[in-house]
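Have the viewer open as you read.

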Amino acid sequence: MKDSESPDGMRIIYDLLVKAAEYPGESSHNLANVFSWGQKIKALHELLSLYFDEEYTREYKIARDRLLEVSKMYPSERYVSESYDLLFAWFGSISRLYGRLGLLIPMNYTYTEGGEEGI
């Protein structure tokens, strides 16, 4: 996190990351929801734009190009299925970027009720 960043701002971005991660499991897979999930991921992408690195930029361009290719199948079931797969890949790229920035808590850490970190 840069010195000029607000901890509240980073929490908002983290909340969006969590909401985007939960969305596909909380909604049925259909045309409307693939669009809605894509919009959540796109918003997260834009919020993180100041932090893009070479690896993320490369992965994003691949995802974007593949999404454009899949869009030719609209509105088929295959379009929905492949779009979800590609959105998962794009979301994974965003998550890895977030991890490289040191903003994700490693999976082997937990919080106790007292708020202390433990392994």
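## The largest pocket

The lining of the largest pocket is made up of eight nonpolar, five polar and three charged residues. Here Ala, Val, Leu, Ile, Met, Phe, Trp, Tyr, Cys and Pro count as nonpolar, Asp, Glu, Lys and Arg as charged, and the others, Gly among them, as polar. The model is predicted, with local features needing pLDDT of at least 70 and side-chain atom pairs pLDDT 80 or more, while totals for chains, interfaces and linings use all residues. Residues are numbered from 1 along each chain as its sequence is written, and side-chain values use heavy atoms, without hydrogens and water.

A pocket is an open set of points on a 1 Å grid where a 1.4 Å probe fits, with protein on both sides within 12 Å along at least five of seven lines; lining residues have an atom within 4 Å of a point. This one holds about 440 Å³ of space, the volume being that filled by probe spheres set on the points. Of its 16 lining residues, G38, Q39, L67, L87 and W90 are closest to the centre. Helix α2 contributes the most to the lining, seven residues. Helices are DSSP runs of H or I, at least four residues long, numbered from the N terminus.

## The nonpolar core

The largest nonpolar core has 24 residues, and W37, I41, L44, L48, W90 and I94 touch the most other members. Such a core joins buried Ala, Val, Leu, Ile, Met, Phe, Trp, Tyr and Cys residues through side-chain atoms within 4.5 Å; buried means under 20% relative accessible area with a 1.4 Å probe, protein chains only. Its largest share, 10 residues, comes from α4.

## A look at S93

S93 sits in helix α4 (residues 77–100) and is buried, at 4% relative accessible area. Leaving out residues up to four places away in sequence, S93 touches Y56 and E59, where contact means heavy atoms within 4.5 Å.

Conventions
Helix = DSSP H or I, 4+ residues; strand = E, 2+ residues; numbered from the N terminus. Buried < 20%, exposed > 50% of the residue type's maximum accessible area, 1.4 Å probe, protein only.
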